[in-house]
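Please open the model in a viewer and keep the sequence beside it. The stops below say what to select next and what is there.

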Amino acid sequence: MRKISLIFGLLSGVLSAGLLIATIPYVNSVNYRRGDVLGYTSIALSALLMFSGVRSYRENSSGGRLSFGRGLAVGLLIALISSACHVITFSGSLFQSVSELGRQVHGLHDSEGEGFRRERSKDPANSRAGRRLKRLCDKPATNAAVAFAEALPVGAFAAVLSAAILRRREISSEN
């Protein structure tokens with residue numbers, strides 16, 4: 001179970017990481033919603049490999065039999081490995097981009113190396129929210145938790161779906 005989960009988890013994680021890196025140009029663009037759509041699409045596409053991983057476990061390791069619980073365990077292990085790859089990629093490559101996006105969206109600008117200053121906002125609620133978002137974006141642990149919270153639910157859903165579809169209690173014998 002561990003070998004198959006590791007192989008398919010890493011394949012899924014590499015796919016997720018590659019597609020996540022491909023969305024970097026959209027993070028600081030005006031239409032950053034497109035980056036969100038591409039990001040979740042990449043997570044969903046990488047979760048498709050979970051179905052293949054659970055099926056491979058059923059066919060190769062368990063002799064064609066698979067209970068829902070065992071299929072769910074294999075799928076969740078694949079999802080955890082894939083989510084870890086997503087978090088590492090997000091933390092490594094997107095941390096600066098997301099932090100800069102928080103500054104841009106909420107009016108924090110660097111004036112020629114003089115440090116970040118706040119431009120006056122007409123909405124006091126927006127400036128308070130901007131300061132809170134900036135504090136959160138500057139913490140790597142918070143960004144890692146957000147990235148994990150993005151990827152794991154999609155993977156868990158794919159694990160439940162794969163286990164439900166691929167469960168097989170007995171092998172049909174055709175004579």
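Predicted model: local features only at pLDDT ≥ 70, side-chain atom pairs only at ≥ 80, totals over all residues.

Select threonine 89, which lies in helix α4. Helices here are DSSP runs of H or I with at least four residues, strands are runs of E with at least two, and both are numbered from the N terminus. Threonine 89 is buried, at a relative accessible area of 12%. Buried means under 20% relative accessible area, exposed means over 50%, and partly exposed is in between, with a 1.4 Å probe and protein chains only.

Residues are numbered from 1 along each chain as its sequence is written, and side-chain values use heavy atoms, with hydrogens and water left out.

Stay in helix α4 and move to glycine 75. Glycine 75 is buried, with a relative accessible area of 0%.

Zoom out to the whole chain. Which elements does the secondary structure hold? There are six helices and two strands, and along the sequence they follow the pattern α-α-α-α-β-β-α-α. Of the 175 residues in the protein chain, 36% are buried.

Next, select residues 2–22, which are helix α1. This helix of 21 residues reaches 30 Å from its first C-alpha to its last, close to the 30 Å expected at 1.5 Å a residue. The expected span is 1.5 Å times one less than the number of residues in the helix. To see the buried side of the list, colour Ile4, Ser5, Phe8, Gly9, Ser12, Gly13, Ser16, Ala17 and Leu20, which are buried in α1.

Then go to helix α6, residues 140–166. Its 27 residues reach 38 Å from first C-alpha to last, close to the 39 Å expected at 1.5 Å a residue. The buried residues in α6 include Asn143, Ala144, Ala147, Ala151 and Gly155; further along, Ala158, Ala159, Ser162, Ala163 and Leu166 are buried as well.

Phenylalanine 157, also in α6, is exposed, with a relative accessible area of 57%. Select it together with Phe51, Leu161 and Ile165: these four form a nonpolar patch on the surface, with about 400 Å² of accessible area together. Helix α6 gives the most to this patch, with three residues. Patches are made of residues with over 30% relative accessible area and no salt bridge; like charges are joined within 9 Å, and nonpolar side chains (Val, Leu, Ile, Met, Phe, Trp, Tyr) within 5 Å. Accessible areas come from the Shrake-Rupley method with a 1.4 Å probe, and for residues only the protein chains shown count as cover.

A patch of another kind comes next. Select Arg128, Arg131, Arg132, Arg135 and Lys139, which form a positive surface patch. Lys and Arg count as positive and Asp and Glu as negative, while His and the chain ends are not counted. The place of a charge is NZ of Lys, CZ of Arg, CG of Asp or CD of Glu. Lysine 139 is in the loop between α5 (124–137) and α6, and is partly exposed at a relative accessible area of 46%.

Now turn to the salt bridges. How many does the structure hold? There are two, where a salt bridge is a side-chain nitrogen of Lys or Arg within 4 Å of a carboxyl oxygen of Asp or Glu. Select Arg58, Glu59 and Arg168, which are linked in a network of salt bridges. Between glutamate 59 and arginine 58, the closest N and O atoms are 2.6 Å apart. Arginine 58 counts as buried, at 7% relative accessibility, whereas glutamate 59 is partly exposed at 34%.

The other salt bridge joins the side chains of glutamate 59 and arginine 168, at 4.0 Å from N to O. This pair links distant parts of the chain, 109 residues apart: glutamate 59 is in helix α3 (residues 33–61) and arginine 168 in the segment after α6. Arginine 168 is partly exposed, with a relative accessible area of 33%.

Arginine 65 lies in the loop between α3 and α4 (68–105), and counts as partly exposed at 47% relative accessibility.
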